[in-house]
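Please brief me on this structure. Start with its strands, then take the helices, the pocket and a few single residues.

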Amino acid sequence: MSVFLDDLPPLSAAGFAAIEDQVAALLHTSADVIVTQGEALLPLEAAIRGAAHPGSTALNIITGPYGQTFGNWLRSCGAEVVDLAVPFHSAVSAWQVADALAANPAIDFVSLVHAEAATGNTNPVAEIAAVVREHGALLMLDAVASVAAEPLLTDAWGVDLCVIGGQKAMGGPAGVSAVSVSGRAWERIAANPAAPRRSYLSLLDWKERWTDAGRAVLPHAPAQLEMLALGACLDRIAADGLPAVIARHRAASAATRAGVRALGTLTPYVTEDAHAAPVATTLRTAPGVHAGELAAALDPSLPVQPGGGALAAEMLRVNHYGRAASPDTVRACLTALAAATGADAEPALAAADAAWAATVEG
């Protein structure tokens with residue numbers, strides 16, 4: 001039987017607030033959480049434009065393409081930007097961040113991506129957040145590709161602005177996202193004369209019209225289907241247990257990397273296992289093998305795609321998030337990659353199975 005949108009009861013303010021509370025629990029935060037009606041770039045840009053302004057100095061950590069985007073936004077806000085870039089096949093370290101802060105005492109804002117799905121790396125947020133807090137700066141974290149795939153302890157780590165989206169490890173929609181805002185972050189945004197107001201990018205508008213008003217009346221019509229989908233995936237994570245969901249993503253990453261190494265025709269793009277993101281494994285093709293052409297030869301239903309931009313010729317990305325973080329999906333991807341590169345699939349499958357079991361049991 002068909003179900004039309006107008007058959008659904010309207011999402012109430014109480015229902016909207018309940019989903020915000022579920023997000024707060026997922027992020028391990030008691031800070032305000034604002035669910036935004038758009039893809040995660042919306043709250044990411046809103047957080048930067050709320051906190052950055054002429055006269056401020058930002059440390060922008062670049063471990064992939066999103067870090068480059070943040071730097072562009074920060075500069076357009078008039079902030080002085082110090083870029084800390086590391087090779088995309090690695091992670092940034094806390095000591096590198098500490099050195100950058102020591103060399104630039106004026107830094108009062110730090111932007112960091114937890115996991116870069118585009119490049120397959122992940123950064124040690126707990127250690128980095130500690131040195132940022134010691135310096136006295138605010139920390140904005142893009143956790144879109146890490147939430148539900150690896151630990152995310154927003155309050156314990158001291159993350160001031162934490163942005164998530166539902167479309168990766170949460171297994172939910174791309175059209176709705178969220179940001180948690182600490183008390184320190186609210187103070188900074190409120191004191192910023194350049195912070196957006198009367199704008200879709202205004203966090204202050206949401207705070208005044210929704211959060212501070214008791215979350216009794218929604219400021220505008222919610223994105224009904226996306227909000228229901230977000231609530232459903234939050235319910236599923238709660239039912240499965242967050243530790244089990246995280247373990248499943250870690251196992252998918254470990255199994256994919258072990259299987260690829262056993263294939264011998266591709267190599268992990270992120271060289272160190274400790275730097276590898278649980279949501280996606282990026283692979284370097286052999287010299288002379290174009291990643292886009294290799295991806296095009298695979299079953300399009302598999303979660304394998306070429307890298308973006310300058311990496312399109314040499315990088316493949318195997319996505320294993322949400323429902324794709326499963327042994328069957330990992331095995332299907334490895335089998336297809338073996339056939340496409342002329343490798344024997346059996347050693348790869350055996351290595352993947354062993355790695356999955358070891359990771360889950362560990």
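**Briefing: sheets, helices and a pocket**

Valine 113 has aspartate 142, in β7, as its bridge partner. This is a predicted model, in which local features need pLDDT of at least 70, side-chain atom pairs count only at pLDDT 80 or more, and totals for chains, interfaces and linings use all residues. Residues are numbered from 1 along each chain as its sequence is written, and side-chain values use heavy atoms, with hydrogens and water left out. Helices (H or I, at least four residues) and strands (E, at least two) are DSSP runs, numbered from the N terminus.

**The seven-strand sheet**

- Seven strands make an open sheet with mixed pairing, in the order β1-β9-β8-β7-β4-β2-β3. Two strands count as paired if DSSP finds at least two bridges between them.
- The edges are β1 (32-36) and β3 (80-85); each has a single partner strand, so one side of each has no neighbour in the sheet.
- From one strand to the next, the twist averages 15 degrees. Such angles run from 0 to 180 degrees between N-to-C directions, and axes are lines fitted to C-alpha atoms, for helices over the stretch in contact.
- Strand β2 (residues 57-62) runs parallel to β3, and six bridges join them. Threonine 57 has glutamate 80 as its bridge partner in β3.

**Helices on that sheet**

- Helix α1 (residues 13-26) packs on the sheet and touches β1, β8 and β9 (177-181). The direction of α1 makes about 120 degrees with that of β1. Contact means heavy atoms within 4.5 Å.
- Helix α7 (residues 183-190) also packs on the sheet, where it touches β1, β4, β7, β8 and β9. The direction of α7 makes about 95 degrees with that of β9.

- Strand β7 (residues 138-142) is mostly covered, with five of its five residues buried. Buried means under 20% relative accessible area, exposed over 50%, and partly exposed in between (1.4 Å probe, protein chains only).
- Both faces of β7 are covered. Leu138, Met140 and Asp142 are buried on one side, and Leu139 and Leu141 on the other.
- Strand β4 (residues 109-113) runs parallel to β7, with five bridges between them.
- Strand β8 (residues 161-165) is also parallel to β7, joined by three bridges. Here methionine 140 stands opposite leucine 161.

**The four-strand sheet**

- Four strands form an open, antiparallel sheet in the order β10-β11-β13-β12.
- Its edge strands are β10 (267-268) and β12 (304-306), and each pairs on one side only.
- Three bridges join β12 to strand β13 (residues 315-319), and the two run antiparallel. Glutamine 305 stands opposite arginine 317 in β13.

**An enclosed helix**

- In helix α2 (residues 41-51), 10 of the 11 residues are buried, so the helix is largely enclosed by the rest of the structure.
- The buried residues of α2 include Leu42, Leu44, Ile48 and Arg49.

**The largest pocket**

- The largest pocket has a volume of about 350 Å³. There are 17 lining residues, and the closest to the pocket centre are Arg250, Asp273, Ala274, Ala276 and Pro278.
- On a 1 Å grid over the protein atoms alone, a pocket is an open set of points with protein on both sides within 12 Å along at least five of seven lines; lining residues have an atom within 4 Å of a point. Grid points are joined across faces, edges and corners, and a volume is the space filled by probe spheres set on the points.
- Helix α10 (residues 242-263) gives the most to this lining, with six residues.
- The lining divides into eight nonpolar, four polar and five charged residues. Ala, Val, Leu, Ile, Met, Phe, Trp, Tyr, Cys and Pro count as nonpolar, Asp, Glu, Lys and Arg as charged, and the others, Gly among them, as polar.

**Single residues**

- Arginine 257 lies in helix α10. Arginine 257 is buried, with a relative accessible area of 4%.
- Leaving aside neighbours within four places in sequence, the contacts of arginine 257 include Val270, Glu272, Asp273 and Thr281.
- Most residues other than glycine have a negative phi.
- Histidine 28 has a positive phi, near 55 degrees. Histidine 28 is in the loop between α1 and β1 and is partly exposed at 39% relative accessibility.
- Arginine 215 also has a positive phi, near 50 degrees. Arginine 215 lies in the loop between α8 (203-211) and α9 (224-240) and is partly exposed, with a relative accessible area of 26%.

How values were computed:
On a 1 Å grid over the protein atoms alone, a cavity is a set of points where a 1.4 Å probe fits but cannot get out, and a pocket is an open set with protein on both sides within 12 Å along at least five of seven lines; lining residues have an atom within 4 Å of a point.
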